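Here is a short briefing on one protein model.

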Amino acid sequence: MVIQRNIDAVNSKKEIPSHCSSVARVILTPTKLIYLPKEPVFQNRILRQYGEDYFIKVLIRDDDFEKLSNVHSRALDNILDRMKEIFKEGFNIHDGHYEFLGCSNSQLREHSFWFFHPHDDINAEGIRKSSGNLSSEMCIASYISRFSLCFSSTQRTVDVDKDCVEYKKRCNK
């Protein structure tokens, strides 16, 4: 796979709103990985909790930068296998490894996905496990739909101390 650096990818420190984060991004095509400059994105709870520096947004596109179509032929098998491998095994940029984390439903429609750079014993699997108990979801589509809520654009509102919250057991009738 060819790795190409976008010449215009100069990280200018522009003022971004407080409800946004500046996130690295790449375009993955069947034949290359193209680095793009960081872009402001609306924050979500995962970005706020783990820090924007460890995330990269991956956009999947055809070599003409259009969304991949559902046309399939035997000639594409090797290319599709390589792209699947990136989702299973992740990819490296310089000395950093990135692993697939997830996406929101709208990002899925746009062929856009979040990848995470593991560090300090924090990895994508750990983030998924700490984002809520989804063990009762037996259907993969339902699991993805529930987990994707963590990537919904949100603004930080108020912090509530855990000691100030009283939990009551729900009665099943």
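In which segment is V160 found? V160 lies in the segment after α5 (140-148). This is a predicted model: local features need pLDDT of at least 70, side-chain atom pairs count only at pLDDT 80 or more, and totals for chains, interfaces and linings use all residues. Residues are numbered from 1 along each chain as its sequence is written, and side-chain values use heavy atoms, with hydrogens and water left out.

**Surface patch**
- V160 counts as exposed, at 56% relative accessibility. Exposed means over 50% relative accessible area, buried under 20%, and partly exposed in between (1.4 Å probe, protein chains only).
- V158, V160, V165 and Y167 make a nonpolar surface patch of about 460 Å². Nonpolar side chains (Val, Leu, Ile, Met, Phe, Trp, Tyr) are joined within 5 Å, like charges within 9 Å.

**Overall fold**
- The protein has five helices and seven strands. These are DSSP runs numbered from the N terminus: helices are H or I with at least four residues, strands E with at least two.
- Along the sequence the pattern reads β-β-β-α-β-α-β-β-α-β-α-α.
- Of the 173 residues, 34% are buried.
- Among contacts (heavy atoms within 4.5 Å) between residues at least 6 apart in sequence, 65% join residues at least 24 apart.
- The accessible surface is about 12,200 Å² (Shrake-Rupley method, 1.4 Å probe). Carbon and sulfur atoms hold 50% of that surface.

**S104**
- S104 sits in the loop between β6 (96-102) and α3 (105-109).
- S104 is buried, because its relative accessible area is 7%.
- The S104 side chain makes a polar contact with the side chain of S106 (3.2 Å). Such a contact is a pair of N or O atoms within 3.5 Å; within protein, one must be able to donate a hydrogen and the other to accept it, and residues adjacent in sequence count only if both atoms are side-chain atoms.
- Leaving out residues up to four places away in sequence, S104 touches S148 and F151.

**Cysteines**
- The whole structure holds zero disulfides (pairs of cysteine sulfur atoms within 2.5 Å).
- C139 is partly exposed at 42% relative accessible area, while C164 is exposed at 63%.

**Positive phi**
- F65 has phi near 70°. F65 is in the loop between β4 (55-60) and α2 (77-89).
- H94 has phi near 55°. H94 is in the loop between β5 (91-93) and β6.

Definitions and conventions: Patches are made of residues with over 30% relative accessible area and no salt bridge: like charges are joined within 9 Å, nonpolar side chains (Val, Leu, Ile, Met, Phe, Trp, Tyr) within 5 Å. A salt bridge is a side-chain nitrogen of Lys or Arg within 4 Å of a carboxyl oxygen of Asp or Glu.
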